[in-house]
Amino acid sequence: MGAGSWGTAFAKVLAEAGNDVTLWARRSELASSIDRDHVNPDYLDGVALPSELRATHDATAAIEGADIVVLAVPSQSLRANLTAWAPVIGPDATLLSLAKGIETGTLKRMSEVVREVTGADEGRVAVLSGPNLAREIALCQPAATVIGCTDSARAEQLQKVTATGYFRPYTNTDVVGCEIGGACKNVIALACGMASGIGLGENTIATIITRGLAEVTRLGVAMGAKPATLAGLAGVGDLVATCASPLSRNRSFGARLGQGGSLESAQAATNGQVAEGVKSCTSIRALAERHGVEMPLTESVDRVCHEGLAVQDAIGLLLGRRTKPEVHHDW
């Protein structure tokens with residue numbers, strides 16, 4: 001459900017894993033193009049999609065009878081979309097969320113939104129997170145991911161239906177860790193992009209990634225996540241891929257801001273798409289405050305995006321923080 005770059009790439013993975021897959025697109029003309037020409041010209045131009053993959057603009061037709069419903073819409077629109085879809089989702093269908101974010105206002109993780117809207121028990125709801133840049137996976141470049149679900153049997157079922165020669169899924173019962181890693185890495189990638197945009201080099205980027213991991217881990221552990229999850233694919237893996245790659249929308253968006261662009265101009269330069277981290281940074285900052293966790297990088301990104309703080313001033317504030325031991329025993 002969702003024909004953006006990642007939704008389309010993941011539908012391709014599922015089809016090539018041997019499943020019967022229908023892809024729902026919000027716009028009828030895009031659904032027709034995918035169904036007729038087997039290409040998504042708006043989000044994965046030049047990538048041939050399997051002829052077996054069907055596409056539709058009719059959400060009911062896509063969902064009815066489905067054993068697995070994959071939710072691939074942006075985090076802040078998940079609730080509204082899912083409210084409309086919930087009546088036609090089967091009572092035992094697995095709900096797999098690809099969205100990475102924290103809902104504005106409620107501060108809920110995506111699995112919590114899914115459960116609240118559909119009434120599904122937690123064992124039916126799974127999340128997928130890892131170093132999964134859509135275009136690389138669509139081009140069949142080897143990658144791994146993590147399927148987080150409290151029901152190990154259901155996670156193993158998802159593992160079987162998503163495995164291909166180039167896409168390797170692992171399972172994990174730590175849903176909180178998978179979701180916090182996936183949501184927070186977008187914000188850290190914005191910070192890396194901003195630093196790159198103002199001309200700072202690899203030492204700075206490595207420092208932001210490393211200290212970013214520390215603050216993401218602090219928040220995750222405070223919420224009940226396992227440190228090992230955040231040291232794995234859903235944490236370090238996703239963080240490195242998103243912070244380092246020019247294919248990362250969040251890093252590219254941050255670089256535009258670092259070069260002096262506004263949110264509006266950065267959005268225009270990324271085909272009208274707002275990076276998830278721009279919307280989630282405020283919610284993640286509020287979540288950190290709720291749990292009494294310091295997240296200086298996240299706070300700085302939020303202030304740049306929504307309070308008018310200049311990128312150069314944000315970097316200065318971070319460098320001006322008091323010195324202290326690197327390792328604390330708070331996580």
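**Entry 1: ground rules**

I call a residue buried under 20% relative accessible area, exposed over 50%, and partly exposed in between, using a 1.4 Å probe and protein chains only. I am working with a predicted model, where local features need pLDDT of at least 70, side-chain atom pairs count only at pLDDT 80 or more, and totals for chains, interfaces and linings use all residues. Residues are numbered from 1 along each chain as its sequence is written, and side-chain values use heavy atoms, with hydrogens and water left out. My helices (H or I, at least four residues) and strands (E, at least two) are DSSP runs, numbered from the N terminus.

**Entry 2: salt bridges**

Side chains of opposite charge can pair when their charged atoms come close. I count a salt bridge when a side-chain nitrogen of Lys or Arg is within 4 Å of a carboxyl oxygen of Asp or Glu. How many salt bridges does this rule give? I get 19.

I looked up Arg79 and found it bridged to Glu116, with the closest N and O atoms 2.7 Å apart. This pair joins distant parts of the chain, since Arg79 is in helix α4 (residues 78–85) and Glu116 is in helix α5 (residues 110–118), 37 residues apart. Arg79 is partly exposed at 22%, and Glu116 is also partly exposed, at 44%.

Next I checked Arg36 and Asp37, whose closest N and O atoms are 3.1 Å apart in a salt bridge. Arg36 is exposed at 56% relative accessibility, while Asp37 is partly exposed at 40%. I also noted a salt bridge between Arg27 and Glu29, 3.6 Å from N to O. Arg27 has a relative accessible area of 24% and so is partly exposed; Glu29, at 48%, is partly exposed too.

I then found a network of salt bridges that links Arg285, Glu289, Glu299, Asp302, Arg303 and Glu307.

**Entry 3: helix α2**

Which residues of helix α2 (residues 28–37) are buried? I list Leu30, Ala31, Ser33 and Ile34. They sit on the same side of α2, because they cover an arc of only 160 degrees around the axis; the arc is taken from the directions from the helix axis to the C-beta atoms. Their cover includes β1 (22–24) and β2 (54–56). After α2 comes His38, and I note its positive phi, near 60 degrees.

**Entry 4: record positions and Glu276**

I looked up the UniProt record, an unreviewed entry, which gives "binding site" at positions including Arg26, Arg27, Lys100 and Glu276. UniProt positions follow the numbering used here, feature names are shortened, and annotations may be inferred rather than shown by experiment.

Arg26 is in the loop between β1 and α2, and at 58% relative accessibility Arg26 is exposed. Glu276 is in helix α14 (residues 276–290) and is buried, with a relative accessible area of 17%. For contact I use heavy atoms within 4.5 Å. Leaving out neighbours within four places in sequence, Glu276 is in contact with Pro74, Ser75, Lys100, Asn186 and Asn250.

**Entry 5: Ser300**

Last, I checked Ser300 in helix α15 (residues 296–306). Is Ser300 buried or exposed? Ser300 is buried, at 10% relative accessibility. Not counting residues up to four places away in sequence, Ser300 touches Leu309, Ala314 and Leu318.
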